[in-house]
Amino acid sequence: MRVAVIGGGISGLVATSELAKAGVEVVLYEKEDNLGAYSKTATFNGIDLDLSSMLFNPVVEILGGDNN
Ligand SMILES: Cc1cc2nc3c(=O)[nH]c(=O)nc-3n(C[C@H](O)[C@H](O)[C@H](O)COP(=O)(O)OP(=O)(O)OC[C@H]3O[C@@H](n4cnc5c(N)ncnc54)[C@H](O)[C@@H]3O)c2cc1C
């Protein structure tokens, strides 16, 4: 069986991992150039930040980051 997973957020990453562990041939497609999406962790000025909390706590702007 061959499976395509669309989206490299936590759902797609876990689905891809579980399918691969089960021996399924799986390909993950992500439209952005990085993985994780809402649950991505980014590093700004040496500090790891969970971007899923950005909507409530815009600490990246406070630190002068640019979300990349
Ligand atoms: C402020 C905030 C706080 C949160 N706190 C928690 C928490 O404490 N605990 C918890 O369990 N959850 C929390 N969540 C929820 C959690 O972050 C999300 O439910 C989870 O990250 C969603 O993951 P997902 O993979 O379903 O979707 P997403 O993270 O949205 O990923 C979808 C991916 O699919 C890609 N994509 C979309 N369309 C295409 C396409 N056509 N082709 C290729 N790729 C595509 C996108 O680029 C993206 O990478 C929080 C969310 C927010 C916003």
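1. A residue is called exposed when its relative accessible area is over 50% and buried when that area is under 20%, with partly exposed in between. Lysine 21, at 63% relative accessibility, therefore counts as exposed. The model discussed here is a predicted one, and the points below should be read with that in mind.

2. On the overall architecture, the secondary structure of the protein comes to two helices and four strands, and from the N terminus on these elements follow the order β-α-β-β-β-α. Of the 68 residues in the protein, buried residues make up 22%.

3. The lysine 21 named above belongs to a salt bridge with glutamate 18, in which the closest N and O atoms are 3.0 Å apart. Both residues belong to helix H1 (residues 10–21), where, because they are three residues apart, they are separated by about one helical turn. Glutamate 18 is partly exposed, at 45% relative accessibility, whereas lysine 21 is exposed, at 63%.

4. Arginine 2 pairs with glutamate 25, the closest N and O atoms being 3.5 Å apart. Arginine 2 lies in strand S1 (residues 2–6) and glutamate 25 in strand S2 (residues 25–29), so this pair ties together parts that are 23 residues apart in sequence. Arginine 2 has a relative accessible area of 71% and is exposed, while glutamate 25, with a relative accessible area of 46%, is partly exposed.

5. A further salt bridge joins the side chains of lysine 31 and glutamate 32, with an N to O distance of 2.9 Å. Lysine 31 counts as exposed, at 75% relative accessibility, and glutamate 32 is partly exposed, with a relative accessible area of 46%.

6. The loop between H1 and S2 contains glycine 23, a residue that is exposed, with a relative accessible area of 65%. Although glycine 23 and methionine 1 are 22 residues apart along the chain, their C-alpha atoms are separated by 9.1 Å.

7. Strands S3 and S4 deserve a point of their own. S3 (residues 41–44) has a covered face made up of Ala42 and Phe44, and an uncovered face made up of Thr41 and Thr43. S3 pairs with S4 (residues 47–50) in the antiparallel sense over four bridges, and within this arrangement threonine 41 stands opposite aspartate 50 of S4.

8. In the hairpin of S3 and S4, which has two residues between the strands, asparagine 45 takes a positive phi near 50 degrees; asparagine 45 counts as exposed, at 63% relative accessibility. Alanine 37, also a residue other than glycine, has a positive phi near 50 degrees and is placed in the loop between S2 and S3. At 45% relative accessibility, alanine 37 counts as partly exposed.

9. Alanine 37 returns in the description of the ligand site, where 17 residues surround the ligand and the closest are Ile10, Ser11, Glu30, Ala37 and Ser52. Sorted by class, this shell has seven nonpolar, seven polar and three charged residues.

10. Which residue has a side-chain N or O atom 2.7 Å from an oxygen atom of the ligand? That residue is serine 11.

Note on methods:
Residues are numbered from 1 along each chain as its sequence is written. This is a predicted model: local features need pLDDT of at least 70, side-chain atom pairs count only at pLDDT 80 or more; totals for chains, interfaces and linings use all residues. Side-chain values use heavy atoms; hydrogens and water are left out. A residue is near a molecule or strand if one of its heavy atoms lies within 4 Å of it. A polar contact is a pair of N or O atoms within 3.5 Å; within protein, one must be able to donate a hydrogen and the other to accept it, and residues adjacent in sequence count only if both atoms are side-chain atoms. Ala, Val, Leu, Ile, Met, Phe, Trp, Tyr, Cys and Pro count as nonpolar, Asp, Glu, Lys and Arg as charged, and the others, Gly among them, as polar. Buried means under 20% relative accessible area, exposed over 50%, partly exposed in between (1.4 Å probe, protein chains only). Two strands pair if DSSP finds at least two bridges between them. A salt bridge is a side-chain nitrogen of Lys or Arg within 4 Å of a carboxyl oxygen of Asp or Glu.
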